[in-house]
Amino acid sequence: MLEEPQRHPSLTVRSFGQTDRGKVRETNEDQFLIAVLVKTLQVQSTSLPQPKIQRSNDRSHLFVVADGMGGRAGGEQASALAIDSVESFVLDSLKWFAQCKGDEQDQVLTDFQTSLSEASLRVQSEAVKHPELNGMGTTLTLAYSLNDELFVAHAGDSRCYVFRNRSLYRMTRDHTVVDEMVQRGELSAEAAKRHHWRHMITNALGGGFPEIEVEIHKLQLEAGDRVLLCSDGLTEMLSDEKISQILRAESDPEQACWQLVACANETGGKDNITVVVAQFDDINEPRARVHDHRRVSR
């Protein structure tokens, strides 16, 4: 269980994301997003000698992984639509400038629940317009950091982990038939790894589900934490212990992503593999710097 650290609002972020088709699938239906929100002042006209664009030091970070389903065209389009919808919501509706204390934190979680619900409606609406996309849907796991607070919103069987003090903690649960059986005590966690229903989703955006249930979490971050978002193409191939081993060996987010994807492919690469790793450091540490990347392979 993660213990609440001392307050440490001045954290900087280094992040990297990678998606890979894997060794078996012909196409890649996964999508990911890494984005930074920055307060910007655009000077229209002034008598002062100053830049036309001025940016505040205040910033927040958004990380998203989506795993599409519904066939070659449908899955890829569903995951892309869902992430595009989240981007629009964050730009137009999310009030992220606040200091985010008390009730404001609860409002952020509520806002992201709304964001995923709206994304689900958009996927469903597109499927109605185009019968060939009927049944398309997507998982979506989102992590949003503001100062030293992390907010997570989730639907499906992609995952969010926090790596702290060399230990890996899973924040989300899989929304699958098998996971529900484990929760009810009908199946052991070990047996669940091999059960033929382990990929049967019970909750997702679109996909014929009339309503979406958005799982939400809030966590106070501390310097040294790493957040991992991934599709089930990673967790189907690698155990939590193997993932933890790689994160212990690779402190750089980019190298960690490459190693996770490479290892999943070496183990079989049966599905599309997508990973996002974000490292949170003390802004006063010499190594701390903003270093955001986006990369898509294959």
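## Asparagines with positive phi

N165 is exposed, with a relative accessible area of 64% (exposed means over 50%, buried under 20%, and partly exposed in between, using a 1.4 Å probe and protein chains only). In this predicted model, local features need pLDDT of at least 70 and side-chain atom pairs count only at pLDDT 80 or more, whereas totals for chains, interfaces and linings use all residues. Residues are numbered from 1 along each chain as its sequence is written, and side-chain values use heavy atoms, with hydrogens and water left out.

N165 sits in the loop between β7 (159-164) and β8 (167-170); helices (H or I, at least four residues) and strands (E, at least two) are DSSP runs numbered from the N terminus. Although N165 is not a glycine, its phi is positive, at about 50 degrees. N147, also not a glycine, has a positive phi of about 55 degrees. The loop that holds N147 lies between β5 (140-146) and β6 (149-155), and N147 is partly exposed, at a relative accessible area of 31%.

## Helix α7: span and ends

Helix α7 (residues 253-266) has 14 residues and should span 20 Å at 1.5 Å a residue, the expected span being 1.5 Å times one less than the number of residues. Its end C-alpha atoms are 20 Å apart, in agreement with that value.

At the N-terminal end, D252 caps α7 through a side-chain oxygen 3.2 Å from the backbone nitrogen of E254. After α7 comes G268, with a positive phi near 145 degrees.

## Helix α7: buried residues

The buried residues of α7 are P253, A256, C257, L260, V261, C263, A264 and N265. Their cover includes β1 (11-20), β11 (226-230), α5 (232-235), α6 (240-249) and β12 (273-282).

Conventions: Contact = heavy atoms within 4.5 Å. Polar contact = N/O pair within 3.5 Å; in protein donor to acceptor, adjacent residues only side chain to side chain.
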